[in-house]
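Here are my notes on the model you sent over. Have a look at the fold first, then read on.

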Amino acid sequence: MITGMKNIVVFVRDFDRAKRFYVELLKLPLVQESMAMMEFFPGGGTTLGVATALHEDALKLVGRHTGITLTVKGIEQFCRDLAAAGVVFVEPLEVSPWGKMAVVKDPDGNQLALVEM
């Protein structure tokens with residue numbers, strides 16, 4: 001019987017560049033780290049994993065739209081800070097009736113949506 005979901009993983013080629021992006025630029029709360037994997041978002045719920053793609057099947061998953069959406073408080077300033085740091089925006093910040101959204105790429109091309117509602 002399945003009782004929950006442990007994590008969702010984004011695969012990367014360059015772990016050090018990914019760590020800078022996810023920890024320093026996105027400022028995600030790091031729960032744990034090994035030589036090839038980082039997990040974010042403490043609290044016992046589902047975590048976001050960022051892992052080095054070590055086998056051929058994982059390498060195929062590097063550099064794609066992940067389907068992951070992160071909620072952001074103060075998204076306008078956050079996006080300005082990311083842009084100033086050189087982060088690539090696939091979709092610039094847009095305002096819609098339901099909220100604000102932008103899509104960014106990590107250094108390996110994985111796309112993540114940022115929203116504020």
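The points below go from the whole chain down to single residues.

1. Ground rules. This is a predicted model, where local features need pLDDT of at least 70 and side-chain atom pairs count only at pLDDT 80 or more, while totals for chains, interfaces and linings use all residues. Residues are numbered from 1 along each chain as its sequence is written, and side-chain values use heavy atoms, with hydrogens and water left out.

2. Fold. The protein chain has three helices and eight strands, in the order β-α-β-β-β-α-β-α-β-β-β from the N terminus. Both kinds of element are DSSP runs numbered from the N terminus (helices H or I, at least four residues; strands E, at least two).

3. Overall dimensions. The C-alpha trace spans about 40 × 35 × 25 Å along its principal axes.

4. Packing. In the protein chain, 38% of the 117 residues are buried; buried means under 20% relative accessible area, exposed over 50%, and partly exposed in between (1.4 Å probe, protein chains only). Of the contacts with a separation of 6 or more, 50% are between residues 24 or more positions apart, a contact being heavy atoms within 4.5 Å.

5. Strands β2 (residues 30-33) and β3 (residues 37-40) pair in the antiparallel sense over three bridges, and they form a hairpin with three residues between them. Pairing here needs at least two bridges found by DSSP. Leucine 30 has phenylalanine 40 in β3 as its bridge partner. On the next step, β3 pairs with β4 (residues 47-52), again antiparallel, over four bridges, and methionine 37 is bridged to alanine 51 in β4.

6. Two backbone spots to check. Most residues other than glycine have a negative phi. Lysine 27, in the loop between α1 (15-25) and β2, has a positive phi of about 60° although it is not a glycine. Its relative accessibility is 59%, so lysine 27 counts as exposed. Phenylalanine 41 also has a positive phi, about 80°, and belongs to the hairpin of β3 and β4, which has six residues between the strands. With 29% relative accessibility, phenylalanine 41 counts as partly exposed.
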